[in-house]
Amino acid sequence: SRSLTFTMSMERLMNFRTVILALLLAFVRYPSEAAVIRMVDTHEQMGRKPGFKEGWRLGWDVSAWRIFLVDLIINVPAITFFLLVIALFGWMMYSTSQSAPNLSTGLIIAAVVVFLLFVLAFTVLMIFVSLLRQHVVRYAAIDGMGVGEAFKRGWALFRGQFKNTFIMGLVLFGVGVAVGFVFIFAAILLIPVYMLLAVPGVII
């Protein structure tokens with residue numbers, strides 16, 4: 001009983017730390033994103049490069065909060081819908097297995113294929129939504145628009161400049177892949193360092 005109580009207390013502590021860490025990351029991420037967007041805009045419009053202090057000051061305003069709301073409006077319905085579909089699929093599979101235990105393998109494979117196609121379609125949809133987000137957050141950060149107006153103007157720009165938006169998405173995807181490979185390569189090179197740092201922990 002004491003061991004179970006200790007385990008439950010540790011789980012609560014870890015969950016609390018996870019929530020605090022997520023809040024801290026969001027507290028830093030959104031002002032940083034707003035600062036980068038506004039610094040780039042300042043450089044393009046005025047031809048000068050803001051320093052770190054000025055950029056950080058540019059990020060600490062209402063635009064960071066608006067970018068957070070944009071992500072909230074996009075991600076919460078998407079994640080909720082995806083989890084509901086997963087739960088519905090699991091419930092249907094379980095109910096079918098209970099009512100028809102001799103269900104053919106072909107029907108099971110067909111159901112799994114349909115579910116995977118849904119996941120693929122949902123992933124493609126979220127990729128396009130992420131491209132739309134790029135326009136929306138720039139209207140919110142640069143032009144100081146509210147969330148609703150930023151979505152309206154961002155959607156209009158997304159439709160009108162779909163080709164350029166798609167090309168921008170490909171560039172961003174390529175940069176992300178390149179950065180991912182760099183991090184993986186760096187992690188492989190640092191394996192001896194990890195092993196060396198693990199020795200004191202093992203001794204303790």
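This is a predicted model: local features need pLDDT of at least 70, side-chain atom pairs count only at pLDDT 80 or more; totals for chains, interfaces and linings use all residues.
## An aromatic cluster

A pair of aromatic rings is described by two quantities, the distance of the centres and the angle of the planes. In this model the count of aromatic pairs comes to 13. One of them joins Phe81 and Phe122 in a tilted arrangement, with 6.2 Å from centre to centre and 35 degrees between the planes. Phe122, with a relative accessibility of 14%, counts as buried.

Another tilted pair is made by Phe115 and Phe118, whose ring centres are 6.5 Å apart and whose planes make an angle of 35 degrees. Why are Phe115 and Phe118 separated by about one helical turn? Both are in helix H4, and they are three residues apart, which accounts for a separation of about one turn. In an α-helix there are 3.6 residues a turn, so residues three or four places apart point the same way. Phe115 is buried, at a relative accessible area of 18%, whereas Phe118, at 23% relative accessibility, counts as partly exposed. Ring pairs join these residues into a cluster that consists of Phe81, Phe82, Phe89, Phe115, Phe118 and Phe122.

## The chain as a whole

The protein chain contains seven helices and zero strands, so that, read from the N terminus on, its elements run α-α-α-α-α-α-α. Of its 204 residues, 19% count as buried.

Helix H5 covers residues 147–160, which makes 14 residues, and it reaches 20 Å from its first C-alpha to its last, close to the 20 Å expected at 1.5 Å a residue. Which residues of H5 are buried? They are Val147, Ala150, Gly154 and Phe158. These residues cover an arc of only 65 degrees around the axis, and therefore they lie on the same side of H5.

The other side of H5 carries exposed residues, namely Gly148, Lys152, Arg159 and Gly160. Arg159, which lies in helix H5, has a relative accessibility of 55% and for that reason counts as exposed. Although Arg159 and Leu132 are 27 residues apart in sequence, their C-alpha atoms are 9.2 Å apart in space.

## A nonpolar patch on the surface

A nonpolar patch on the surface is formed by Phe173, Val177, Phe181, Ile184, Ile188, Leu190, Ile191, Val193, Tyr194, Met195 and Leu197, which together have about 1,100 Å² of accessible area. The elements that contribute two or more residues to this patch are helix H6 (162–189) and helix H7 (191–203). Phe173, a member of the patch, has its place in helix H6. Is Phe173 buried or exposed? With a relative accessibility of 59%, Phe173 counts as exposed.

Notes
Residues are numbered from 1 along each chain as its sequence is written. Side-chain values use heavy atoms; hydrogens and water are left out. Helices (H or I, at least four residues) and strands (E, at least two) are DSSP runs, numbered from the N terminus. The expected span of a helix is 1.5 Å times one less than its number of residues. Buried means under 20% relative accessible area, exposed over 50%, partly exposed in between (1.4 Å probe, protein chains only). The arc is that of the directions from the helix axis to the C-beta atoms. Rings of Phe, Tyr and Trp (its six-membered ring) pair if their centres lie within 6.5 Å; planes under 30 degrees apart count as stacked, over 60 as edge-to-face and the rest as tilted. Patches are made of residues with over 30% relative accessible area and no salt bridge: like charges are joined within 9 Å, nonpolar side chains (Val, Leu, Ile, Met, Phe, Trp, Tyr) within 5 Å. Accessible areas come from the Shrake-Rupley method with a 1.4 Å probe; for residues, only the protein chains shown count as cover. A salt bridge is a side-chain nitrogen of Lys or Arg within 4 Å of a carboxyl oxygen of Asp or Glu.
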